[in-house]
Amino acid sequence: MWGTRPRRSGREVVNVLYVDFTRYFEECYHVSISETYVRYRRTLGEDPLAIGVVLVALWMAWALVSGLWTGGIRVSSLASLVWDGLLRGLIIGLAGIGLSMTYSILNFANFAHGDYLTSGAFAGMATSYLIAGIGENSVGALLLVGAGGSVFGGAIGIGITTSPIAVVLGALVAGVSTIALALLIDRFVYKPIRDESGIALLITSIGVAFALRYLIQFVFGAGVRGTTAAGSVPRINVPAFDGTFRITAHDASLIVVAGGLMLGVHLLLQRTKLGKAMRAMSDNEDLARITGIPTERVIRTTWIVGAGLTGVAGYMFVLWKGTLGFNDGWLLLLLVFAAVILGGIGSIYGAIGGGIVIGLTASVSVVWIPSEFGRAAAFMVMIVILLFKPEGIFSGRTTA
Amino acid sequence: MSADDLRGRFGGLLDRDVTLVLAVLGAVYLAYVLAGVAFGYGLRGQLNSIANLTFYIGVFGMLALALNLHWGYTGLFNIGIVGFMGIGVYVTALVSKPPVAQGGAAQVGGLGLPLGVGMVAGVVVAGLFGLLVALPALRLRADYLAIVTVAFSEIIRFTMMSRTFQSYTVPDTIDLTIAGVQLFSFDPTADTIGLGGGGGLILNYPDPLEALLRTLFLWEPYMGFVGFVQRTLIPNNPKPVIDGLLYGVLLLVGVGLFYLLLSRTGKSPFGRVLKAIREDEDVANALGKDTDRFKLTAFVLGSALMGLGGILWYSSRGSITPPSFRPNITFFVWIALIIGGAGSNTGSFLGGAIFAGVLYEGPRYVKNLVETAFELGDAPRNFGEAVAAFGSLDPVPFILYTLDSVSQLRLVIMGVVLIWLMHNRPEGLLGHRKETASSIDLSRPSGEDASKAATAADGGENR
């Protein structure tokens, strides 16, 4: 019997195996592709939640169209909300890349990620203050980012046009210091328990978040301070049908920085072996290790890329919104989680896309609901995604 | 192994648990009394300090026990505890506040029902919200459930703060008339009702303790006792002190009830299924248990208990504001549970007590002790001034600043303790005693002895 069997080429064998496996899978689980489709339709038919989501979407579309038609919603204010949401989304996406990468490669949800962002913002702003204000103010007050109202960002003229060198160096220091911090914390906190479960690491990261956030408060004080010379930032008013909306120089610099960094990460992961190694690791760490991938080095690179982006995101966030407080990163963290989950954990494009969707949701949702619930709406989007498509809307495209 | 042997072992276990709890509580209380002596407190000050400590031991013990039902027994990673607490106490306030708005135009009224009704309503509504969260969320992986629950608790806080729900004017009569036939007519007593927005709610219902004592017809004897204390021990206004002590004792009784409820639940067939779900949900499912249902029930019960914990914590406070319900409280309860050891009810309570005594209240006492021991001047205003003094080799300003910021550093210490625990003792004080899903003892006798010895050693040193 065996002897008479014709020899197959490698590709044929693979095809046969594939067909066999598909049949085996279908037999085992009594499903087929068409059945899956039917099941989806049935879910939509039976699940009251799904109907609810569809109804809400219809109501929102109707309210928007009728609002625009009757003039209850002005086109210019809508454009302004969309613009704000887009920029917010870029920050969330930039910070989300790092969270997504550590989530998929180290396999835990890092609750300290928001506080990395805050650390970057403080380190960067301290640098900017120092460069912009040296000579007229005490070094200590500048390094503490004007703790207790000793120096004001507006007075020393922090801004992309008024002190470009201070801002560029600030952004650089924000990235570098956050990388240093992340590597330090990884070495002493996460590395010793690398093999523990994701939940153990998550709980540990809550400890890191507490320690970091309140150390920042200990050093820099609890007050929220204004950091930029908001009045002297150049702006243009863009006409929009029935009014104008505003674009400032800080909006533009945020877009340049975020876009550039996202492109850079894309190239880094596409053109180097690193992206492939990362994908391999997020699939199966043991397998990656026996294939000869230096897992510890990949982890270190992950932290470097992720933390660098997060630090810069924190700095650009503070430059853009013009205020800085020790709680900023923590308050942003849940939105970043929402973005990462929306985009699919492990996918950097998902994080960027998810960030923009979440940013837009948080800003534009005030058209339909009271403004206090903008963030709540973003959380609801995340919860809905988790319920219906927990693998994310950009699933299937993992890192690079 | 004879039956006597087994009984003896059980007796020993019980003895040791009681001894352990008493030893830990004794040590904490002793430390506080000694600190009080050092501060030169009189009887009144000592009693106040003890009442305060007991209060926090009580609430953290209760919340840790409720969380143990979620995480220790069922393996549900809930980090939305503070949301359920907030729901409990806000609903209690809405139901029990007097109908006529008092305390200025900004304040809203309530339904004016008795406090007991309000508390029951708070617990029930917290449980219902638990159902609302759990129905969809229990299909999720543990880390997703964590993110959903913390997002839920933030949504609750946004709702408390929102202007939209701040105040509603209630119509004088609510009529439901269809086709000329009056189906329903209701005359609500409330004028305005709402969540109070960012300003929060003034809890201007009768004091919970007084309401309880009046219901039990113990108010007159209690006032007599207060008068007796005033004549003999504490001459000026002893009532707040005695109130505090009594409330603390009642909280400890509450902890005892929580403990009984949860250990009975844990030992019941229901509890065994929960533990099986924690160990391996697929196996429990394969054995014919409807795991979703069990998880749902456990989640709702735990949420209701968290609501009760919130009510007991905040309802005697005079007022509630949304910032009290930040996620930090959730993480406090988690740290308490991890100190004690998830999976063990005794451990949960011990964790709550140690957390309350050492990490939550302790740093403030250390600060006061240092300030009493050394005559120190004013603390510098910020970190810069504190560090600047190092230039002239003077560490005192830095120490002063550190002491002054003890309320923030307390959280840094908590974070570091959490990291240390996860590195060195992730099972906590008594977590190695995590009850297994099987109803009979599966471990070898020799192994059992070894673990017992470990328990004794821990009880001795880890305080």
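**Notes on the predicted model**

1. B:Asn237 counts as exposed because 10 C-beta neighbours lie inside 10 Å, and the cut-off for an exposed residue is 12 or fewer. B:Asn237 sits in the loop that runs between α7 (219-232) and α8 (239-267) of chain B. The phi of B:Asn237 is positive, about 45 degrees, although the residue is not a glycine. In general, most residues other than glycine have a negative phi. The coordinates discussed here belong to a predicted model.

2. A:Asn107 has a phi near 65 degrees, a positive value in a residue other than glycine. A:Asn107 is found in the loop between α4 (75-105) and α5 (113-133) of chain A. Is A:Asn107 exposed, partly exposed or buried? A:Asn107 counts as partly exposed, because 18 C-beta neighbours lie inside 10 Å; a residue is buried only from 20 or more.

3. The overall make-up of the two chains may be stated briefly. Chain A contains 15 helices and 4 strands, while chain B contains 18 helices and 6 strands. Of the 400 residues in chain A, 48% are buried; of the 463 residues in chain B, 43% are buried. Where contacts join residues at least 6 apart in sequence, 78% of those in chain A link residues at least 24 apart. The corresponding share in chain B is 75%.

4. The confidence of the prediction in chain A deserves attention. The mean pLDDT of chain A is 84, and 86% of the residues score at least 70. Which helix of chain A has the lowest confidence, and which the highest? Helix α1 (residues 10-29) of chain A is lowest, with a mean of 49, and helix α7 (residues 164-190) of chain A is highest, at 95. Over residues 1-8 of chain A the pLDDT is below 50, and this stretch has 2 contacts in the model beyond near neighbours in sequence. Residues 13-21 of chain A also stay under 50, with 2 contacts beyond four places in sequence. Where pLDDT is low, the predicted coordinates should not be read in detail.

5. Chain A is divided into domain 1 (10-42) and domain 2 (82-388). Taken over C-alpha atoms, the centres of domain 1 of chain A and domain 2 of chain A are separated by 42 Å.

6. The two chains touch, and the contact takes 40 residues from chain A and 38 residues from chain B. On the chain B side, α5 (142-161), α12 (328-340), α15 (383-388) and α17 (406-424) each supply at least two residues. Which of the elements gives the largest share of that side? It is α5(B), with 12 residues. By class, the side of chain B that touches chain A has 26 nonpolar, 8 polar and 4 charged residues.

7. Helix α5(B) also meets helix α3 (residues 81-96) of chain B: their axes come within 8 Å and cross at roughly 35 degrees. Among the residues of α3(B) in this contact are B:Val82, B:Gly86 and B:Tyr90, and among those of α5(B) are B:Phe152, B:Ile156 and B:Met160. The contact of α3(B) with α5(B) has 6 nonpolar, 3 polar and 1 charged residues.

8. Helix α12(B) is mostly covered, with 12 of its 13 residues buried. Those buried include B:Phe331, B:Phe332, B:Trp334 and B:Leu337. What covers the buried residues of α12(B)? The cover includes α8 (198-220) of chain A, together with α2 (43-73), α3, α5, α13 (345-360) and α17 of chain B. At 1.5 Å a residue, the 13 residues of α12(B) should span 18 Å, and the end C-alpha atoms are 19 Å apart, which agrees. Just after α12(B), B:Gly341 takes a positive phi of about 110 degrees.

9. Helix α11 (residues 291-314) of chain B gives a further check of length. Its 24 residues should span 34 Å at 1.5 Å a residue, and its end C-alpha atoms are 34 Å apart, which agrees. Because 20 of the 24 residues of α11(B) are buried, this helix is largely enclosed by the rest of the structure.

Methods:
Residues numbered from 1 in each chain as written. Chains lettered and ligands numbered in written order. Predicted model: local features only at pLDDT ≥ 70, side-chain atom pairs only at ≥ 80, totals over all residues. Contact = placed C-beta atoms within 7 Å. Nonpolar A, V, L, I, M, F, W, Y, C, P; charged D, E, K, R; others polar. pLDDT = per-residue confidence, 0-100. Domains from an automatic or database assignment. Expected span 1.5 Å × (residues − 1). Axes fitted to C-alpha atoms, helices over the stretch in contact; angles between N-to-C directions.
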